Amino acid sequence: MIRVIYASTAAPAKVGLTSLTLPAGGLTSIQSDPKAAIAVVVWGIVATGITFHLTYRIIAAEGATNAATVGYLLPVVSVALGAILLDERFSLRIAAGMVVVLVGVGLTRRHKRALSPAASAEIRQR
């Protein structure tokens, strides 16, 4: 039921909000290249399919918490690749932010130490 309500309200909202862009150049004709449109569709399907496949494999192998940490690594990788490949600016603040993210991911990946047999026996007695 909720999906039906969402579908019936989302489409008119999208049309209404899109119509607000008409005065800002929305009436100009769009020059589209069929090759570009096909490339966008193919890459969209391939990239989304690969991403979902890898995400579900990570969830199955490592659990949901570890799978969620992959999302935190995306900005770190993006900034590093931008600095290396595109010669984008890299500052101390950016490096510090990357360190904070990596430390946070490292803390979530930390394994709990196993209790010694004596400690686990003491806990069971309580």
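The following questions and answers concern a predicted model of one chain.

In this predicted model, local features need pLDDT of at least 70 and side-chain atom pairs count only at pLDDT 80 or more, while totals for chains, interfaces and linings use all residues. Residues are numbered from 1 along each chain as its sequence is written, and side-chain values use heavy atoms, with hydrogens and water left out.

Reader: How many helices and strands are in the chain, and in which order do the elements run?
Author: Helices (H or I, at least four residues) and strands (E, at least two) are DSSP runs, numbered from the N terminus. On that basis the chain holds 5 helices and 0 strands. Read from the N terminus on, the order of the elements is α-α-α-α-α.

Reader: What percentage of the residues in the chain is buried?
Author: A residue is called buried under 20% relative accessible area, exposed over 50%, and partly exposed in between, with a 1.4 Å probe and protein chains only. Of the 126 residues in the chain, the buried share is 6%.

Reader: What is the expected span of H2, and what span does H2 reach?
Author: The expected span of a helix is 1.5 Å times one less than its number of residues. H2 has 29 residues, for which 42 Å is expected, and the distance from its first C-alpha to its last is close to that, at 41 Å.

Reader: Which residue follows H2, and what is its phi?
Author: The residue that follows H2 is Gly63. The phi of Gly63 is positive, near 100°.

Reader: Why does the pair of Phe52 and Tyr56 count as stacked?
Author: Rings of Phe, Tyr and Trp (its six-membered ring) pair if their centres lie within 6.5 Å, and planes under 30 degrees apart count as stacked, over 60 as edge-to-face and the rest as tilted. By this rule the count is 1 aromatic pair. Phe52 and Tyr56 both lie in H2, 4 residues apart, about one turn of the helix. Their ring centres are 6.1 Å apart and their planes are at 25°, so the pair is stacked.

Reader: Is Thr69 buried or exposed?
Author: Thr69 lies in helix H3, and, not counting residues up to four places away in sequence, it touches Val105, Thr108 and Arg109. Because its relative accessibility is 5%, Thr69 counts as buried.

Reader: What separates the C-alpha atoms of Val101 and Leu73?
Author: Val101 is in helix H4 (residues 92-109), where it is partly exposed with a relative accessible area of 28%. Not counting residues up to four places away in sequence, Val101 touches Tyr72 and Val76. Although Val101 and Leu73 are 28 residues apart along the chain, their C-alpha atoms are separated by 7.4 Å.

Note on methods. Contact = heavy atoms within 4.5 Å.
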